[in-house]
Amino acid sequence: MAKNTKTLLTLKTIVESLDTDGYENVKRSYLIGKANLSGLIEKDTYVILKPAAKSPIHRGHYVVAELLNIVNTALGKPAHKASAPVAPVAKSAPEEIAFDEKDSEPNLKVQAAWGEIAYTDDDIADELSLMGTYTSSI
């Protein structure tokens, strides 16, 4: 976080003017030029030119709304939220499958296994025999 509040307020004014002018993305050199015209040096703009603010669409550009969020955060003000938080998706319970003793048809009552099923030496021997290879008994 920058200690110079005057610099941050100047940067905030520049970014807000870009936002009110309708800019969604701004070129890095253009932002630095506006900062130079406002009496700042290039190094002063590094406070807000973070990788998180880089535009995913245009190379060498920054997203104006994200720059504004970074300036507000540096000034200690809450960041502007772009959208409502997304609720986590609840996992469903495992299916319950049972077999009736009378007709041996599936019935939903016993929980199905989750994850990996443990295999035995007989399972390994069966798989190897299908491939035409065998384990040696050394």
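Leu31, Ile32 and Ala35 are buried in helix 2 (residues 28-37). These residues lie on the same side of helix 2, because the arc they cover around the axis is only 95°. The model is predicted.

**Helix 2**

- In soluble globular proteins, nonpolar side chains tend to be buried together.
- The largest nonpolar core has 18 residues, and those touching the most other members are Val26, Leu31, Ile48 and Leu67.
- Helix 1, helix 2 and helix 3 are the elements that each give two or more residues to this core.
- Helix 3 contributes the most, with five residues.
- Apart from its neighbours within four places in sequence, Val26 contacts Leu18, Leu31, Gly60, His61, Tyr62, Val64 and Leu67.

**Salt bridge**
- The structure holds one salt bridge.
- The partners are Glu16 and Lys12, with their closest N and O atoms 3.9 Å apart.
- Both residues belong to helix 1 (residues 5-20), and because they are four residues apart there, about one helical turn separates them.
- An α-helix has 3.6 residues a turn, so residues three or four places apart point the same way.
- Glu16 is partly exposed, at 34% relative accessibility, whereas Lys12 is buried, at a relative accessible area of 13%.

Key. Residues are numbered from 1 along each chain as its sequence is written. This is a predicted model: local features need pLDDT of at least 70, side-chain atom pairs count only at pLDDT 80 or more; totals for chains, interfaces and linings use all residues. Side-chain values use heavy atoms; hydrogens and water are left out. A salt bridge is a side-chain nitrogen of Lys or Arg within 4 Å of a carboxyl oxygen of Asp or Glu. Buried means under 20% relative accessible area, exposed over 50%, partly exposed in between (1.4 Å probe, protein chains only). The arc is that of the directions from the helix axis to the C-beta atoms. A nonpolar core is a set of buried Ala, Val, Leu, Ile, Met, Phe, Trp, Tyr and Cys residues joined through side-chain atoms within 4.5 Å. Contact means heavy atoms within 4.5 Å.
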